[in-house]
Amino acid sequence: MRIGVVSDPHGCLVGLKAALDWLGKEGIDSIVCAGDVANFGPHPNECIALLAERSIPSVQGNCDRNLLSSSQTAAHSDVRASQLAAIDNWCREKLTTASH
């Protein structure tokens with residue numbers, strides 16, 4: 001059995017589709033996602049939906065965890081904390097209820 005792994009699409013639907021298409025052409029038997037699906041890119045809902053449509057299991061990445069954290073800034077402790085928190089907030093506002 002050949003297992004393909006995608007990781008860190010970060011809301012980039014074009015990149016996720018390209019990776020899944022490539023894995024499909026390679027004759028992969030099963031695909032899993034190593035997380036960080038939604039945050040940062042412009043298409044968080046669409047990335048989540050694509051993985052769900054294809055029944056691709058995914059673990060929760062650190063950015064996914066931060067995105068779903070009730071503490072919007074506690075998850076980021078480095079110098080860029082306010083910038084990362086702003087991105088998290090933007091993505092939280094974009095996510096649909098179905099994506100949570």
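Reader: Let's start with Asp-21: buried, exposed or partly exposed?
Author: Asp-21 is partly exposed, at a relative accessible area of 41%. Bear in mind that this is a predicted model.

Reader: Okay, and what does Asp-21 form a salt bridge with?
Author: With Arg-54; their closest N and O atoms lie 4.0 Å apart. That pair links distant parts of the chain, 33 residues apart: Asp-21 belongs to helix 1 (residues 13-25), while Arg-54 sits in the loop between helix 2 (44-53) and helix 3 (62-68).

Reader: How accessible is Arg-54, then?
Author: Its relative accessibility is 40%, so Arg-54 counts as partly exposed.

Reader: How many salt bridges does the structure hold?
Author: One.

Reader: Let's zoom out. What's the order of elements from the N terminus on?
Author: The chain runs β-α-β-α-α-α, which comes to four helices and two strands.

Reader: Which elements make the β-α-β unit, and what's its hand?
Author: Strand 1, helix 1 and strand 2 make that unit, and it is right-handed. The two strands pair in the parallel sense, over four bridges.

Reader: Which residue is the bridge partner of Val-5?
Author: Val-32, in strand 2. Val-32 is on the uncovered face of that strand, along with Ser-30.

Reader: And what's on the covered face of strand 2?
Author: Ile-31 and Cys-33.

Reader: Back to Val-5. Which residues form the nonpolar patch on the surface?
Author: Val-5 is in that patch together with Met-1 and Ile-3, and the three have about 380 Å² of accessible area together. Met-1 comes in the segment before strand 1 (3-6). At 79% relative accessibility, Met-1 is exposed.

Reader: Switching to helix 1: is Val-14 buried or exposed?
Author: Val-14, which is found in helix 1, is exposed, because its relative accessible area is 65% and the cut-off for exposed is over 50%.

Reader: What about contacts across the whole chain, how much comes from residues 24 or more positions apart?
Author: Such pairs account for 74% of the contacts with a separation of 6 or more.

Reader: Last topic, burial and surface. What share of the residues counts as buried?
Author: Of the 100 residues, 38% are buried. The accessible surface of the chain is about 5,900 Å², and 55% of that belongs to carbon and sulfur atoms.

Technical notes:
Residues are numbered from 1 along each chain as its sequence is written. This is a predicted model: local features need pLDDT of at least 70, side-chain atom pairs count only at pLDDT 80 or more; totals for chains, interfaces and linings use all residues. Side-chain values use heavy atoms; hydrogens and water are left out. A salt bridge is a side-chain nitrogen of Lys or Arg within 4 Å of a carboxyl oxygen of Asp or Glu. Buried means under 20% relative accessible area, exposed over 50%, partly exposed in between (1.4 Å probe, protein chains only). Patches are made of residues with over 30% relative accessible area and no salt bridge: like charges are joined within 9 Å, nonpolar side chains (Val, Leu, Ile, Met, Phe, Trp, Tyr) within 5 Å. Accessible areas come from the Shrake-Rupley method with a 1.4 Å probe; for residues, only the protein chains shown count as cover. Two strands pair if DSSP finds at least two bridges between them. A crossover is right-handed if, with the strands pointing away from the viewer, the path from the first strand over the helix to the second runs clockwise. Contact means heavy atoms within 4.5 Å.
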